[in-house]
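Student: Hi! Could we go through this model together? I have a few quick questions.

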Amino acid sequence: MSLSDGTATADGVTRRGAVVEQVSTDSPASAAGLQKGDTIVAIGGKSVGGAESLTAYVRALSSGTKVTLTVVRDGAAIDVDVTLAARQETPTASSDGSSGSGSIDPQNMTPQQLWEWFQQQQSQQQGSGQ
């Protein structure tokens, strides 16, 4: 699953959140019913300010934790129950400084794993001045 920052309006209230840009078929996000265009505005009742905020909340929770995401879809707020999954593979930088992204299989990663990998890649690029 890929995310971006955005806003959504439900019941006359506009809120910031994490917009779902893509959901892989047969992924945990797909199984939870998340769809492209959904805006996740809360997790466990806590407001989500954007994609990075959602990632921070997810990182603070343990694998197997059941949480409720508040999602705005087509102008209506709905609750989606999700069970967080453990990371199956941790991408690491190789000795030559490359990201090792050739070994990443997005189909086998949970949404939070994919987002964390993406954040790591951006941090590495910023750290190397790219």
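Student: Is Asp11 buried or exposed?

Tutor: Asp11 is exposed, with a relative accessible area of 70%. Buried means under 20% relative accessible area, exposed over 50%, and partly exposed in between, using a 1.4 Å probe and protein chains only. This is a predicted model, where local features need pLDDT of at least 70, side-chain atom pairs count only at pLDDT 80 or more, and totals for chains, interfaces and linings use all residues. Residues are numbered from 1 along each chain as its sequence is written, and side-chain values use heavy atoms, with hydrogens and water left out.

Student: Where is Asp11, and what about its phi?

Tutor: Asp11 sits in the loop between strand 1 (2–10) and strand 2. Its phi is positive, about 55°, although Asp11 is not a glycine. Helices (H or I, at least four residues) and strands (E, at least two) are DSSP runs, numbered from the N terminus.

Student: What phi does Asp74 have?

Tutor: Asp74 has a positive phi near 55°, and it is a residue other than glycine. Asp74 lies in the hairpin of strand 5 and strand 6, with two residues between the strands. Asp74 is exposed, at a relative accessible area of 78%.

Student: How do strand 5 and strand 6 pair?

Tutor: They pair in the antiparallel sense over eight bridges; two strands pair if DSSP finds at least two bridges between them.

Student: Switching topic: how many salt bridges does the structure hold?

Tutor: It holds one salt bridge. The side chains of Arg73 and Asp38 meet in it, at 2.7 Å from N to O. The pair links distant parts of the chain, 35 residues apart: Arg73 is in strand 5 (residues 66–73), and Asp38 is in the loop between helix 1 (28–31) and strand 3 (39–43). The term asks for a side-chain nitrogen of Lys or Arg within 4 Å of a carboxyl oxygen of Asp or Glu.

Student: Are Arg73 and Asp38 buried or exposed?

Tutor: Both Arg73 and Asp38 are buried. Across the protein, 36% of the 130 residues count as buried.

Student: Which residues have the most contacts inside the largest nonpolar core?

Tutor: They are Leu3, Leu34, Ile40, Ile43, Leu54 and Leu69, in a core of 19 residues. Strand 2 (13–22), strand 3, helix 2, strand 5 and strand 6 (76–83) each supply at least two residues of this core. A nonpolar core is a set of buried Ala, Val, Leu, Ile, Met, Phe, Trp, Tyr and Cys residues joined through side-chain atoms within 4.5 Å.

Student: What is Leu34 in contact with?

Tutor: Leaving aside neighbours within four places in sequence, Leu34 is in contact with Met1, Val23, Ala29, Ile40, Leu69, Val71, Arg73 and Val80. Contact means heavy atoms within 4.5 Å.

Student: And helix 2, which residues are buried there?

Tutor: In helix 2 (residues 51–59), the buried residues are Ala51, Leu54, Thr55 and Val58. Seen down the helix axis, the buried residues of helix 2 fall within an arc of 100°, so they line one face of the helix. That arc is taken from the directions from the helix axis to the C-beta atoms.

Student: What about Ala56?

Tutor: Ala56, also placed in helix 2, is partly exposed, with a relative accessible area of 47%. The C-alpha atoms of Ala56 and Gln112 are separated by 9.6 Å, with the two residues 56 apart along the chain.
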